[in-house]
Amino acid sequence: TTEIYTLSLHDALPISALDPCTREYRELRRQLWAEGAFEPRASFYALKQLVILVCLAGALGVLACCEADALRLGLAPVLLGLALQQAAFLAHDAMHNGVVARRGNTRAREQIGQLNAGLLLGISVQMWLKEHSEHHAYTLRPHADPQFLYFPIWLQSLKEVPLWKSELPVSPRARKLLWGGVKLLTRVQHLTFLPLIFLISRFNFIGISWAFAIKGRHGRDLLAMGAHWLWYGALLACAFSSARERLIFWSVHYCAVGVLHVQLLLSHLSTEQLTPPEERALGLFKAQLAATRNLSSAWYSHWLHGGLEMQIEHHLFPQLPRHQLHAVAARARPRGQARRRVRRDRLLGGARVRPQGSALPLDRARHGRLCMTAGGGRGPPREVLYYIWVGCIVCVKCGMSPSRCGDDHMCM
């Protein structure tokens, strides 16, 4: 069974061969294990599961007891979307061995994952486990990280281009036709970013889950995903009498879940994409800082982010329970603060873009100014708006301008 990686290839190297940052990081990790920081608190995750069930019950209660369309077609699908978003976070923590005390592929971990990821969210646990393990093993590596293979729809780094070109057909005509489409897509990626996330990401997530589960014959995944469609189909059939109402409910619900996909992307988009030689040169600690980003949030809105607001600490310590991330950040930050390039820029309405990760100038000459994100600690309503707004800004900053089409690295 594929497991979430907690150690890097750097851990196979002798201490003398590691850079100082990685040595300090390994020592901190050893201390945390010795202190019991990796032991999950059952009451914390029981409360998270309760919040999910309350949101589900709230959605069902609105549909059963209310007649106003604003509540049935507005509030109910949003509550359902919020429940599925939080279920995704809980399943993520469980598959990282951060929910139950006994590590490994235990029955409890499998049940929590199938309940929240399979039955509620409708995705394959084994597919996510494999892809997310690889994502942690080589985060944002160009044309390799399976959870960030978006080119040619979205361009994240020019390092992706030659790797993608090597897989094109040899026919000059076909290559020219495909390249014309690539230039068109990347020039408008700031316009396609949000529509594709809100309208297509959920379909893509479900589609690849079914394909993976069928190909790998993962019976539990197929059973849980099939049960998801049974209860969701029954909900639409029993709660609404017209196709119009069902379509509106489904659209609002999928858009509400789409916030999850924005959250997943903003933890990494517009950070550094490092090649294997660059990863080895930087070392594990600095490489993770370069490819991840933290989001500012307030104490009362941490639950909305599901731990993704502490993405740097999560990537440094993948098995660390969510309730320990903020406490450990204070100990990890002094090691990384001096190596972070912290700059503040003002965006529309005074929103601040505040980088929490490294901004190493590996692609700066060609890729343009890197734009890091932060929620500003404004609370759930505004933070959702910041997700949407900053998502557009990230794509604008990463967009490929027409002047770059003559670049040697960009032409066929």
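I began with the nonpolar cores of this predicted model. The largest nonpolar core holds 43 residues, and I noted that Ile 52, Leu 63, Leu 80, Val 99, Phe 240 and Phe 249 touch the most other members. I then looked up which elements build this core: helix H2 (42-65), H3, H4, H5, H9, helix H10 (219-239) and H11 each give at least two residues. H3 provides the largest share, twelve residues.

I recorded a second, separate core of 18 residues, which includes Ala 37, Phe 38, Val 328 and Ala 329.

I next examined Leu 63. Leaving aside residues up to four places away in sequence, I found that Leu 63 touches Arg 72, Ala 76, Leu 235, Ala 239, Phe 240 and Phe 249.

I turned to the largest pocket, with about 870 Å³ of space. It is lined by 36 residues, of which Gln 147, Tyr 150, Phe 205, His 261 and Leu 264 are the closest to its centre. Among the elements that give two or more residues to this lining, I listed helix H3 (69-95), helix H8 (189-199), helix H9 (201-216) and helix H11 (243-266).

Lastly, I noted the totals for the protein. The secondary structure comprises 18 helices and two strands. Of the 412 residues, 52% are buried. Among contacts with a separation of 6 or more, 69% join residues 24 or more positions apart. The protein exposes about 18,400 Å², and carbon and sulfur atoms supply 64% of that area.

How values were computed: Residues are numbered from 1 along each chain as its sequence is written. This is a predicted model: local features need pLDDT of at least 70, side-chain atom pairs count only at pLDDT 80 or more; totals for chains, interfaces and linings use all residues. Side-chain values use heavy atoms; hydrogens and water are left out. Helices (H or I, at least four residues) and strands (E, at least two) are DSSP runs, numbered from the N terminus. Buried means under 20% relative accessible area, exposed over 50%, partly exposed in between (1.4 Å probe, protein chains only). Contact means heavy atoms within 4.5 Å. Accessible areas come from the Shrake-Rupley method with a 1.4 Å probe; for residues, only the protein chains shown count as cover. On a 1 Å grid over the protein atoms alone, a cavity is a set of points where a 1.4 Å probe fits but cannot get out, and a pocket is an open set with protein on both sides within 12 Å along at least five of seven lines; lining residues have an atom within 4 Å of a point. Grid points are joined across faces, edges and corners, and a volume is the space filled by probe spheres set on the points. A nonpolar core is a set of buried Ala, Val, Leu, Ile, Met, Phe, Trp, Tyr and Cys residues joined through side-chain atoms within 4.5 Å.
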